[in-house]
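Hello,

Here is the structure you asked about, with my notes below it. Please read them with the model open.

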Amino acid sequence: MKSVTRETKETKVRVALEDAVRIDTGLKFFDHMLTAFGTYAGLPLVIEARGDLRHHLMEDVALAVGRLVREATPPTARRYGEMTLPMDDALVQAVIDVGGRPYFEGKLPSKLYTHWFRSFATTAEATLHLRRLRGTDRHHLIEAAFKSTGLALREAMRDDGVVFSTKGSVAWKVTT
């Protein structure tokens, strides 16, 4: 079981890969979005989180989920994933590269949820592009973003058994 715990004076977040998706942040809509994300990504995410402010809690969950995804991504992952997902009036496209280059581009009808995806991409060390192709319902747009990102991530994390890069594998050496 892989797990990540992030504790500050503002939040306490534990994220793990266990046997089934279980989310408890105390924020019902956020829990619903994270459940969709874990389910569609094929990641049995367990998230237990509490915090002082909604912003701090959501950001720290994103950072912890991103770090867990980074740790769980196999070196021989397919690396790239894409999904365009309809949800009633909403149509959202997610394109991801889990190859170690953090970047985010996208805008949702909520600064907090846009910030969640940016924070997630940063600590996952992933390039993530989210495109809102159409739609006006805020709930549907945000949920389509979580689901399309989850499905794209599922594809990108699939282990193909070979390093998918013209560079070969990347090795880092850190000395103190």
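Val-4 has Val-15 in S2 as its bridge partner. This is a predicted model, so please read the notes below as computed from it.

The pairing around that bridge is antiparallel: S1 and strand S2 (residues 11-17) are joined over five bridges. Both strands belong to an open sheet of four strands, in the order S1-S2-S4-S3, and the pairing in the sheet is mixed. Strand S1 (3-7) and strand S3 (22-24) are the edge strands; each has a single partner strand, so one side of each has no neighbour in the sheet. From one strand to the next, the twist averages 5 degrees.

Two helices lie across strands of this sheet.
- Helix H1 (residues 28-41) lies across S3 and strand S4 (45-51), and runs at about 155 degrees to S3.
- Helix H2 (residues 54-72) lies across S1, S2 and S4, and its angle to S2 is about 30 degrees.

How much of H4 is covered? Most of H4 is, with 15 of its 20 residues buried, that is, under 20% relative accessible area.

Regards

Methods: Residues are numbered from 1 along each chain as its sequence is written. This is a predicted model: local features need pLDDT of at least 70, side-chain atom pairs count only at pLDDT 80 or more; totals for chains, interfaces and linings use all residues. Side-chain values use heavy atoms; hydrogens and water are left out. Two strands pair if DSSP finds at least two bridges between them. Axes are lines fitted to C-alpha atoms, for helices over the stretch in contact, and angles run from 0 to 180 degrees between N-to-C directions. Contact means heavy atoms within 4.5 Å. Buried means under 20% relative accessible area, exposed over 50%, partly exposed in between (1.4 Å probe, protein chains only).
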